[in-house]
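Work through the two exercises below with the sequence and the model in view. Each task is followed by a solution in steps.

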Amino acid sequence: MIPFPLLPTPIETNYRACTIPYRFPSDNLKKATPTEISWINVFANSIPSFKKRAESDTSVPDAPARAKIFEQRYAGFLEGWKKDPESNGGPPDGVILGRVREHLLRELGFRDIFKKVKDEENAKAISLFPEVVSLSDAIEDDGERLENLVRGIFAGNIFDLGSAQLAEVFSRDGISFLATSQNLVPRPWVIDDLNKFQAKWVKKPWKKAVIFVDNSGADIILGILPFARELLRRGIQVVLAANELPAINDVTYTELTDIVSQLKDGNGQLIGVDTSKLLIANSGNDLAVIDLSRVSHELAYLSSDADLVILEGMGRGIETNLYAQFKCDSLKIGMVVLSLCHVTLSLF
């Protein structure tokens with residue numbers, strides 16, 4: 001694992017995979033800060049949905065018993081950090097909180113507790129892909145078509161089962177991509193640099209884009225891939241960077257390779273667009289967030305000459321890299337959910 005080559009150097013002073021500081025140097029090392037407690041509670045609230053998914057994992061012997069152990073052990077870690085932030089490899093941040101959760105699941109034999117729901121949602125989204133692309137292609141104005149594609153990314157990004165609120169809504173009612181795309185909050189968004197992006201888009205300044213993708217289902221298939229297809233149509237080489245190992249319902253490198261192969265026709269095209277400039281890379285990541293100081297050699301090699309970096313999703317684009325600077329243009333885009341109201345957020 002090596003640093004992402006488009007980060008400014010020295011990495012140690014110019015990059016940190018944490019948007020919201022959980023604590024400051026002046027804070028008491030032995031007392032959890034209000035921010036730490038708030039985020040620990042966010043992860044604690046997700047335990048019931050993770051336990052439920054783990055209990056139903058038929059690939060794991062004694063899944064219910066092991067799921068109970070996961071619940072107890074992870075809750076113990078979280079309570080430990082509240083009492084002593086320096087315990088268990090702390091003080092905690094988004095990377096540590098997620099890493100311990102994923103490592104506990106793997107240690108107990110759970111490789112991919114969201115596999116069933118990912119497969120189901122991928123199948124649904126693949127069936128809708130032609131319709132979504134057709135609606136986009138029918139928009140003649142370049143700027144309007146770009147906004148429609150960005151809204152599609154937001155709508156797809158709602159399929160995030162790491163959020164306790166979204167997991168509850170999804171389990172109860174399901175989440176419709178088309179309905180979500182029609183009901184996004186109006187602009188301006190929380191951070192709204194779409195006009196800047198559109199102005200550059202018209203000038204066609206980029207030759208190669210690296211996109212750090214997020215969730216399976218509607219997110220990757222109906223949000224990111226139509227956008228990537230548009231980049232390809234404009235002659236831009238596209239690298240899709242996906243996780244090496246499963247984390248929540250994030251799409252993995254292997255899954256994404258299979259999805260794209262299913263969507264291509266016999267001529268290797270995505271509904272009329274050549275895919276010879278489309279590459280799928282293993283990022284080396286195994287979390288729902290990402291620390292760009294550690295990526296795979298493969299991704300580093302493929303990204304070295306890119307002139308546009310896109311980080312998508314709450315974990316990668318907001319929690320860990322909202323303020324990350326790069327040697328080239330960058331776009332951070334993701335959905336923030338507040339009390340089940342859809343609040344979109346983007347930064348260029």
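**Exercise 1.** Determine in which hand helix H2 passes helix H5, and which residues of the two helices meet.

Solution. Step 1: H2 covers residues 34-45 and H5 covers residues 94-107, helices being DSSP runs of H or I with at least four residues, numbered from the N terminus. This is a predicted model, in which local features need pLDDT of at least 70, side-chain atom pairs count only at pLDDT 80 or more, and totals for chains, interfaces and linings use all residues. Residues are numbered from 1 along each chain as its sequence is written, and side-chain values use heavy atoms, with hydrogens and water left out.

Step 2: The axes of H2 and H5, lines fitted to C-alpha atoms over the stretch in contact, come within 11 Å and cross at roughly 25°. H2 is therefore roughly parallel to H5 (angles under 35 degrees, taken between N-to-C directions on a scale from 0 to 180 degrees).

Step 3: The crossing is right-handed, meaning that the near helix is turned clockwise from the far one by less than a right angle.

Step 4: Trp-39, Ile-40 and Phe-43 of H2 meet Gly-94, Leu-97, Gly-98 and Arg-101 of H5 (heavy atoms within 4.5 Å).

**Exercise 2.** Find which strands pair with strand E2, and explain why E2 is largely enclosed.

Solution. Step 1: E2 spans residues 237-242, a strand being a DSSP run of E with at least two residues. Strands pair if DSSP finds at least two bridges between them.

Step 2: E1 (residues 208-212) runs parallel to E2, joined by five bridges; Phe-212 has Ala-241 as its bridge partner.

Step 3: Five bridges also join E2 to the parallel strand E5 (residues 278-282), where Asn-282 is the partner of Ala-242.

Step 4: Five of the six residues of E2 are buried, so the rest of the structure largely encloses this strand (buried: under 20% relative accessible area, 1.4 Å probe, protein chains only).

Conventions:
Buried < 20%, exposed > 50% of the residue type's maximum accessible area, 1.4 Å probe, protein only. Parallel < 35°, antiparallel > 145°, perpendicular 65-115°, else oblique.
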